[in-house]
Amino acid sequence: MAILEVNNLSISFGGLMAVNDFGLNIEEGQLYGLIGPNGAGKTTVFNLLTGVYKPDQGRVILDGKELTGKNTIEINQEGIARTFQNIRLFSQLSVLDNVKVGLHNDYTYSTIEGILRLPRYKKTEKLMTERAMELLEVFGLADEAEYLASNLPYGKQRKLEMARALATNPKLLLLDEPAAGMNPNETAELMENIKFVRDKFKMTILLIEHDMKLVAGICEKLTVLNFGKVLAEGETSAVLHDPKVITAYLGE
Ligand SMILES: Nc1ncnc2c1ncn2[C@@H]1O[C@H](COP(=O)(O)OP(=O)(O)OP(=O)(O)O)[C@@H](O)[C@H]1O
């Protein structure tokens with residue numbers, strides 16, 4: 001069964017059909033790429049999947065549950081987490097606290113328990129710190145746990161954003177251009193991290209990426225968007241050799 005099922009999704013801004021009759025099926029545990037020329041509508045698809053925009057038409061179903069019309073917080077609680085094209089961390093919080101913020105879907109205590117530092121607060125905070133440190137370990141960030149997020153180098157900020165998204169315990173992780181601004185070494189390491197996350201957490205991952213080496217290296221299936229519409233979809237190598245796709249990119 002597909003963990004994510006998207007049907008007939010459309011939205012227009014003024015006269016522009018930014019996403020037009022978009023469909024997508026992703027199987028559990030798949031590493032799936034959404035690619036296409038600049039302005040094709042990729043980030044808009046992410047904004048529709050996460051409730052930033054409400055679609056003019058179409059449906060989004062996650063793990064059999066209808067998400068259409070829900071807001072961003074509800075959708076995160078239902079199991080979709082994302083990272084952004086422009087990194088959005090809590091820059092004045094520590095690396096550790098950035099991940100702990102993400103853990104609040106699963107770990108709770110009341111305001112009173114927090115203010116009075118009651119036992120449940122202390123126990124929950126301890127569990128959250130342990131869980132956050134495990135996630136930081138995965139991304140090689142444990143030694144920088146106490147740093148301010150804004151003091152991390154760019155490549156590590158991107159990894160921290162992924163760790164925070166994972167902390168919300170999603171069923172589906174959306175990564176918007178995870179390799180943007182990275183050098184080839186950082187990109188190679190990121191590819192390993194993404195594969196590791198998929199394998200260790202049995203995570204389903206949908207990523208937008210312009211770096212074709214990354215796409216060809218880790219994505220099992222692709223959907224290509226062009227002018228808001230699906231131009232091609234299927235196994236990665238077949239899609240990348242599709243003359244329609246090559247033409248769309250050359251025409252950029
Ligand atoms: N809020 C908005 N209001 C008006 N137009 C928008 C809005 N959001 C996106 N668009 C337009 O929709 C189209 C698709 O944009 P989108 O950012 O989804 O493309 P993209 O494929 O992610 O591009 P890139 O690869 O350059 O990030 C563009 O023409 C963009 O200008």
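Predicted model: local features only at pLDDT ≥ 70, side-chain atom pairs only at ≥ 80, totals over all residues.
Student: Why are β1 and β2 said to pair?

Tutor: Two strands pair if DSSP finds at least two bridges between them. Strands are DSSP runs of E with at least two residues, helices are runs of H or I with at least four, and both are numbered from the N terminus. Strand β1 (residues 2-13) and strand β2 (residues 16-27) are joined by 8 bridges and run antiparallel. With at least two bridges required, the 8 found here make β1 and β2 a pair. Leu4 stands opposite Ile26 in β2. The two strands form a hairpin with 2 residues between them, and Gly14 in the turn has a positive phi of about 60°.

Student: What makes Asp63 partly exposed?

Tutor: A residue is buried if 20 or more other C-beta atoms, placed from the backbone, lie within 10 Å of its own, exposed if 12 or fewer, and partly exposed in between. Asp63 has 16 other C-beta atoms within 10 Å, so the term is partly exposed. Asp63 lies in the loop between β4 (57-62) and β5 (65-66), and has a positive phi of about 50° although it is not a glycine.

Student: Why is helix α3 called largely enclosed?

Tutor: Of the 8 residues of α3 (residues 95-102), 6 are buried, so the helix is largely enclosed by the rest of the structure. The buried residues are Val95, Leu96, Asn98, Val99, Lys100 and Gly102.

Student: What puts a residue around the ligand?

Tutor: The test is a C-beta atom, placed from the backbone, within 6 Å of the molecule. The residues around the ligand are Phe13, Leu16, Ala18, Gly36, Asn38, Gly39, Ala40, Gly41, Lys42, Thr43 and Thr44. β2 and α1 (42-49) each supply at least two residues of this shell, and α1 gives the most, with 3 residues.

Student: How is the shell around the ligand divided by class?

Tutor: Ala, Val, Leu, Ile, Met, Phe, Trp, Tyr, Cys and Pro count as nonpolar, Asp, Glu, Lys and Arg as charged, and the others, Gly among them, as polar. On that basis the shell has 4 nonpolar, 6 polar and 1 charged.

Student: Why are β6 and β10 called edge strands?

Tutor: The open sheet has 6 strands in the order β6-β7-β8-β3-β9-β10, with mixed pairing. β6 (80-82) and β10 (229-235) each have a single partner strand, so one side of each is left without a neighbour in the sheet. Strand β9 (residues 221-226) pairs with β10 in the antiparallel sense over 6 bridges, and the bridge partner of Thr223 in β10 is Glu233.

Conventions
Residues numbered from 1 in each chain as written.
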